[in-house]
Amino acid sequence: MAAAIPQIDSVVQKRYMELVANFFKSAFDARNVGKKVVWMAYFLPSELCYTLDAVPFYPEIYGGVCARMGIVLKYIEAAESFGYPRELCSATKSAAGLALSGEAPPPDAVLSTQPVCDGGMKVHEFVAVRYKCPHFFIDMPYSTDARAVEYLKGELEEALKFLAESFGAELSEERLKEVMELSRRAEELHLEVNELRRKKPSPLLSIELFGQYFFPCSFLGGTQAAVDFYAFVAEEARRRLREGDVPEEKYRILWSPLVPQSFLSILQWLELEYKAKIVMEMVGYAPKIEMDAAKPLESLARKTLEARFPSLGNGPGVFNLDRYRKVVKDYDIDAVIYFAHWGCRTICSAVKMVKDMLREEFDIPMLVLDGDIFDPRNNPVEQARARVEEFFEMLE
Amino acid sequence: MMLERVREVLDGREAVARSWKEQGKKVVGWICPYVPEELIHAAGMLPFRVMGAPVTIVKGDAYLYPNICTFNRVVLELALGGRYDFLDGIVTANVCDHIRRLYDAWHFFVETPFKLILSLPHKVSENAVAFFRDELSRLKSDLEKLAGVEISDAALKNSIRTYNRARELLRRIYGLRREEEAPISGAEALEVVKAGMFLPKEEYVALLEEIFESLKRRDERYEGSARVMIAGSDLDDPGFVKLIEDSGGLVVADDLCTGSRYFWEDVDVSGDPLEALARRYLSPVLCARMHPYEAHIEHLIKMAEDFNVDGIIFEALKFCDIYGGEYPLLREWLKEKGLDIPVLMLDREYVLSGVEQLKTRIQAFIESLS
């Protein structure tokens, strides 16, 4: 199938595509350069791998790249043929399908966890069985208080020891601190980018990073590449503001939570034609996190618990709603588009809570789009487009 | 007949709770057997398992979403409709994606005075036990406030002993099912276990003693053309088990949270009772949500062998990712170990539906076993 990546004339998008390509290339090339590959569950911290000079491979995220390229269905179907239920998340099934196909870089170890979903947990167990490789489960607590941070810190420490032992490598405290200093700087720069996105009009489009502003922090956290990328984006945003080279903006939209990689054309159409600028995506939202390279594992535990997608599902819904409240205020949101990814229980069941809160507390409308994050069989693009049009007619 | 009281309880479980409340005492609902009932019992309150009932889901879809399993949607439907208004509290744990979201909806939309979700680890380690013990300590303190009493270690140990006694009796009753001709059917066994989730435990222990003695003397015997085990997601409908038994199989064992998993393991009565509860309730036997998955599968297969089963019916509620994801692991595990135990995988809804289609598949499976 032909590539379906919506490309626009943007230096940011060009640089992002290079970053993503290099990231996955490093996993495919790892064996040739004598490096170990670790299959990581969605949103587990990449810093664990970089501390040991190993290469993280996130199968669900790679599945997202395949979805953008229009080639993910064969992996999803392979998982279904093997016995995974049709109702299971398509991102999770793409991970199982990649393992079954043998077309991904084989893991030397697997790190798994539960958040964001039970299905992911079971599939990563299967990956370890399939490849007969060592597997460590990082247990994430269902809260973010001091006790939870302490517990997760212990889990991360065990995970590092496990990787070092599995690879016969030495764990260096100094290297961990270096990695965490890079991680802290990337977080800081990501926050700076987010601050720039708050400007009215916002200098950046969501489609420039396919809705994935979190990618470098989450999957390249602990590398110079992530730091350099955010610094580049921040500089480009400042240039646009300075020179008045800012895309037109009629509405300020919060897209929540995940951005469907199989119909990015909707985002492009929204932002370029409708001038409805997506100024934040809930999947990638992170508050300011207390990070100190001198306390590397505590900092990493905080980052893992408090930032981005896991923080939306990892704790009772009250935390979740507080985060929405903050984003709506900070980014001066006009409307919310909520993509109810059919495979995700956590996302879908929050629809009513979020919608009611937005209406009652902010009088902000929310459009719910049903669909599937990767699976092209379940994405009625034209229908979604019609619903978006109706929604904006109502807004006007 | 000995199961009369059991059926009376099951037909009017809310009546049991109301009669308890008439004595001026409180009732605390629990969802999923990861909640240590002993703590509720030690505070002088009645632990009451929150279950569903055959209803049409309307609000459950609107307040959750149709991709949440029907158990959780049915429970929310009942709660929103006032069926659980008699509860003074509700306690659950972050067991699975569905229960976590049910708790959210209950928290926001149902006015139960006390609500708590425990942060439940996914694995057993010393760190995990210490963490979960802290969670149970928080629960204990909240229950003390709710009940207006202090839970002493002695009272808690006493409750643990009562619960262990019930567990022991249930294991004995299950033991009778190892016989070639069992004195109790699978559907009846499920009813007996279920009754214990609503009755005051002391009354339940007395009832189990009576049932066990009667079963030993029972002339009526059950047999089938194949001995079957049921495993998988939440299943509390004896009608489903009866469907298997009416199709020629005899259900002699289970790996269900409404069956053997509920009582298979005791709580240690020596030492710190909160730590003992934390250790027991973190058991991988309780659910496939625990890591490593092998521990649960090994337990399941050991039970299948102990009860000499001919085949396993593995059922998963639609949208249940834990058991939907467990099935390929079970299949690979059996292949790896070279074990030739036939497994039938069934997708099902919480309220029995599509009976004819289910029956056809079950009958074909049982015929293949016999």
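Author: The side chains of D118(A) and R100(B) meet in a salt bridge. This is a predicted model.

Reader: What makes D118(A) and R100(B) a salt bridge?

Author: The N to O distance is 3.1 Å. The cut-off is 4 Å between a nitrogen of Lys or Arg and a carboxyl oxygen of Asp or Glu, so the pair qualifies. Across the interface of chain B and chain A, the rule finds 7 salt bridges. There are also 19 residue pairs in polar contact, both at pLDDT 80 or more.

Reader: Which helix of chain B gives the most to the side that touches chain A?

Author: Helix 15 of chain B, with 11 residues. By class, that side of chain B has 23 nonpolar, 10 polar and 13 charged residues.

Reader: How much area do chain B and chain A bury between them?

Author: About 4100 Å², with 60% of it on carbon and sulfur atoms. In chain B, Y65(B), R101(B) and D321(B) lose the most area to chain A. Together they make up 16% of what that side buries.

Reader: Now the sheet. Why do strand 5 and strand 7 of chain B count as paired?

Author: Pairing needs at least two bridges, and 5 bridges join these strands, so they pair. They run parallel. One bridge links A231(B) to F314(B) in strand 7 of chain B.

Note on methods. Residues numbered from 1 in each chain as written. Chains lettered and ligands numbered in written order. Predicted model: local features only at pLDDT ≥ 70, side-chain atom pairs only at ≥ 80, totals over all residues. Heavy atoms only, no water. Buried area = accessible area lost by both parts, 1.4 Å probe. Polar contact = N/O pair within 3.5 Å; in protein donor to acceptor, adjacent residues only side chain to side chain. Helix = DSSP H or I, 4+ residues; strand = E, 2+ residues; numbered from the N terminus. Nonpolar A, V, L, I, M, F, W, Y, C, P; charged D, E, K, R; others polar.
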